[in-house]
Amino acid sequence: MMRNMDKLFFFNLLAIVLLTCGCTNKQEEEDMYLSNPRIGVSAYLTAPLVTTRTAASANPYLGTTPSVDNMLDASVWFSNTSGTYEAGGTPNILPRHTEVQFNSRGTVYPESDVLLYPPSGTVYCVGLYPYSTTEWTNTDASGTASNTHASHAIDGSQDLMFAPEIEGTLASRFGALAFTHQLTWLKINVIAENNNAISSWGNVTDITVTSPGNRLTVDLSTGTASCNSTPTDIKAFEGSSALKITSQQFGSVFCAPATSYNISVTTSNGGLINLGSIALKQTDGTTLVPDAAYAKGKMFVITLNFKPISMVEATCTQTYWDDIYQTIEGY
């Protein structure tokens, strides 16, 4: 009987020791976290508004929530000073321009840098999409070096986004960066009115859209973004493709926001035709877009209707940025 009591005492003692060790390990992990707090950040996208075979093919980020299957690979710039974001030359040390691959709604960490919250003071960060070590530059609208600005070329293909400054401290960690689309997405559809128009015009060989600006600049101190006023021609289509009496998408490009766009088209039989300024219209199909700010972050479909009487009629309709419209939950 004493042996049984001894065994019972032994197992009770062992349970107490294991429980104590478990508590100790947990406390050690908590102490380590508090003494070595790593900077992480989360992100989401503001919902795209209901709106509205190429040389430049638009590469949009679709959806509002990053995931493993829909990763948001962004440049995130960290600083100890609000509104000022020097590149920083030392890994793991603030200030720092780094890469963060957002793959969930939760907190994620820089890919190559282990950045720590300081014991006191505030850390700031901004988000720039897409990630690049060279395309996002510390320059203002005039091209002058400036640690309070970030600039990126508009090439027709790249969806440019910006998330304004947020802040975090050791006691109050970073929240979520809110990314917003900064350009206007244009889709160019082409249709022939009848078979006579198809034979009259021949193949489409070129469609060019003039973007009213060729560079996006973000003021990191105010959280505002704007495009310059230097026009740039973007090839929406280049090749040789036959017209059809059913609508075809010939182009998909990103441009600086505007209320209208100059478009030219070239066909094998008709040569170059300047269609002039094509006005953007709201979802009702008749109301004109009031200003360039309205067009930012929206998508418009411009349809070119080729008629048999040497005329091309251009119309504009608005649609969703995303094929499947998603809303933000939890923010």
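**View 1. Strands S14 and S15 form a hairpin.** S14 covers residues 260-267 and S15 covers residues 271-279. They pair in the antiparallel sense, over 8 bridges. One of the bridges joins Asn262 to Ser277 in S15. Strands count as paired if DSSP finds at least two bridges between them. Strands themselves are DSSP runs (E, at least two residues), numbered from the N terminus. In a regular strand, side chains alternate between the two faces of the sheet. The model is predicted: local features need pLDDT of at least 70, side-chain atom pairs count only at pLDDT 80 or more, and totals for chains, interfaces and linings use all residues. Residues are numbered from 1 along each chain as its sequence is written, and side-chain values use heavy atoms, leaving out hydrogens and water.

**View 2. The largest nonpolar core has 31 residues.** A nonpolar core is a set of buried Ala, Val, Leu, Ile, Met, Phe, Trp, Tyr and Cys residues joined through side-chain atoms within 4.5 Å. Buried means under 20% relative accessible area, exposed means over 50%, and partly exposed is in between (1.4 Å probe, protein chains only). Which residues touch the most other members of this core? They are Leu186, Val204, Ile207, Leu280, Ile302, Leu304 and Phe306. Take Phe306, leaving aside its neighbours within four places in sequence: its contacts include Val190, Trp201, Val204, Leu243 and Val265. Thr267 and Met311 are also among them. Contact means heavy atoms within 4.5 Å. A second, separate core has 24 residues, including Tyr61, Ala74, Leu94 and Val108.

**View 3. The largest pocket has a volume of about 240 Å³.** Of its 16 lining residues, the closest to the centre are Trp77, His97, Thr98, Ser132 and Thr133. Two elements give two or more residues to the lining: strand S2 (72-79) and strand S3 (96-102). S3 gives the most, with 4 residues. By class, the lining has 4 nonpolar, 9 polar and 3 charged residues. Here Ala, Val, Leu, Ile, Met, Phe, Trp, Tyr, Cys and Pro count as nonpolar, Asp, Glu, Lys and Arg as charged, and the others, Gly among them, as polar. A pocket is an open set of points on a 1 Å grid over the protein atoms alone, where a 1.4 Å probe fits, with protein on both sides within 12 Å along at least five of seven lines; lining residues have an atom within 4 Å of a point. The volume is the space filled by probe spheres set on the points.

**View 4. His152 sits in strand S5 (residues 149-153).** Is this residue buried or exposed? His152 counts as buried because its relative accessibility is 4%. Leaving aside neighbours within four places in sequence, His152 is in contact with Pro130, Glu135, Trp136, Leu160, Arg215 and Leu216. Pro130 lies in the loop between strand S4 (123-129) and S5. A cis peptide bond joins Tyr129 to Pro130, with omega about 5°.

View 5. Most residues other than glycine have a negative phi, and most peptide bonds are trans. The bond from Leu94 to Pro95 is cis, with omega near -5°. Asn92 has a positive phi, near 70°. At 36% relative accessibility, Asn92 counts as partly exposed.

**View 6. Ser310 has a positive phi, near 55°.** Ser310 is in the loop between strand S16 (299-307) and strand S17 (311-319). With a relative accessible area of 62%, Ser310 is exposed.
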